[in-house]
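Subject: Structure handover

Hello,

Here is the structure for you to look through. My notes on it follow below.

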Amino acid sequence: MPQYAYFQKQFMPLAEANTNIMTNFLHYGTAVFEGIRGNWNEEQNQIYLFRLKEHYERLLNGCKVMKIQIPYSNDDLCKLTVELTARSGLKENVYVRPVAYKSTEAMGVRLHNLESDFFALVIPWGRYLDTDACRVGVSSWRRPGSNCSVPQAKITGQYVNSAFAKTEAHDAGFDEAIVLNESGRVAEGSGENIFLVIDGKLITPSVYENILVGITRATVIELAKNELGIEVIERPVERTELYLAREAFFTGTAAHVSPIAEVDHRLVGDGKVGPITKELQTLYHDVIEGKNPKYMHWCTPVY
Ligand code: PMP
């Protein structure tokens with residue numbers, strides 16, 4: 001399978017994109033990354049990269065936080081990603097992983113006096129959560145707040161927190177974790193945002209709850225308001241509400257819109273995919289695959 005990378009300012013096969021083991025970011029998590037999906041549209045023989053600009057906006061914001069300077073504009077990064085994906089020749093759902101990182105081969109935990117660079121790779125990638133109905137458990141791990149780290153940036157080092165939560169959930173027999181913030185309110189999944197349906201309204205933890213402000217979250221909020229006429233409320237969410245919600249689902253680039261069937265061994269609603277979740281799932285898939293003319297401005301064709 002052709003797997004391509006852009007590394008040290010060149011396109012190359014993924015197998016050739018290797019770095020020295022002294023490279024700073026390998027040791028200290030001093031990098032920011034993105035996950036971008038390219039969605040295959042069979043009828044049009046096309047891959048659509050979803051909301052490229054927004055992903056690179058978040059990456060460049062993260063670069064600022066991490067004092068990572070890269071010589072690329074948002075536009076450059078979008079063009080580069082289209083070319084990388086086109087070069088792969090892939091004709092299926094793909095995943096692009098861009099990383100901006102501290103590239104100096106030097107020990108020492110710091111952000112200053114280190115060079116930065118950027119790489120990206122593209123691989124075929126189907127589903128992330130391999131179930132249609134997630135069984136989830138509330139994690140014993142907490143999502144750190146903004147005096148501990150920077151929850152709004154996708155900093156690689158920060159993801160050890162997600163890894164703790166994910167594996168704890170896995171070892172306990174769950175598909176995914178729900179992570180609370182330091183105040184004990186609901187933050188998100190290990191790599192997804194979370195939505196609840198309560199009294200016919202869509203509820204999701206607000207940006208002040210230590211969440212990563214997801215691009216899928218923003219997409220779903222817009223689709224729910226504009227296409228389904230559903231009220232969306234961003235507010236603090238209590239753990240108890242997880243047990244009382246009629247419907248619940250995760251959102252994320254990797255996870256798409258993923259229904260939650262159970263929380264802590266309690267059924268959400270009747271444990272089946274609820275009507276609002278179902279509608280949003282269908283809408284979302286049409287939009288990301290370039291099948292909804294109204295939202296084509298979110299889709300960048302590769303071929
Ligand atoms: N939270 C975390 C911790 C994540 O890693 C992700 C995936 N990027 C999300 C939420 C969802 O964000 P997005 O919809 O932008 O992929």
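The ligand is surrounded by 16 residues, where near means a heavy atom within 4 Å of the molecule. The closest include Lys154 and Thr216. This is a predicted model, in which local features need pLDDT of at least 70, side-chain atom pairs count only at pLDDT 80 or more, and totals for chains, interfaces and linings use all residues. Residues are numbered from 1 along each chain as its sequence is written, and side-chain values use heavy atoms, with hydrogens and water left out.

Look at the ligand's oxygen atoms next. One is 2.5 Å from an N or O atom in the side chain of tyrosine 159. For threonine 253, a side-chain N or O atom is 2.6 Å from a ligand oxygen. Isoleucine 215 uses its backbone: a polar atom there is 2.7 Å from an oxygen of the ligand.

What makes up the shell by class? There are 3 nonpolar, 8 polar and 5 charged residues around the ligand. Here Ala, Val, Leu, Ile, Met, Phe, Trp, Tyr, Cys and Pro count as nonpolar, Asp, Glu, Lys and Arg as charged, and the others, Gly among them, as polar.

Now turn to arginine 127. This residue sits in the loop between strand S7 (116-124) and strand S8 (134-143). Strands are DSSP runs of E, at least two residues, numbered from the N terminus. Arginine 127 counts as partly exposed because its relative accessibility is 48%; the class lies between buried (under 20%) and exposed (over 50%), with a 1.4 Å probe and protein chains only. From C-alpha to C-alpha, arginine 127 is 14 Å from glycine 191, and 64 residues separate them in sequence.

Best wishes

Key. Polar contact = N/O pair within 3.5 Å; in protein donor to acceptor, adjacent residues only side chain to side chain. Helix = DSSP H or I, 4+ residues; strand = E, 2+ residues; numbered from the N terminus.
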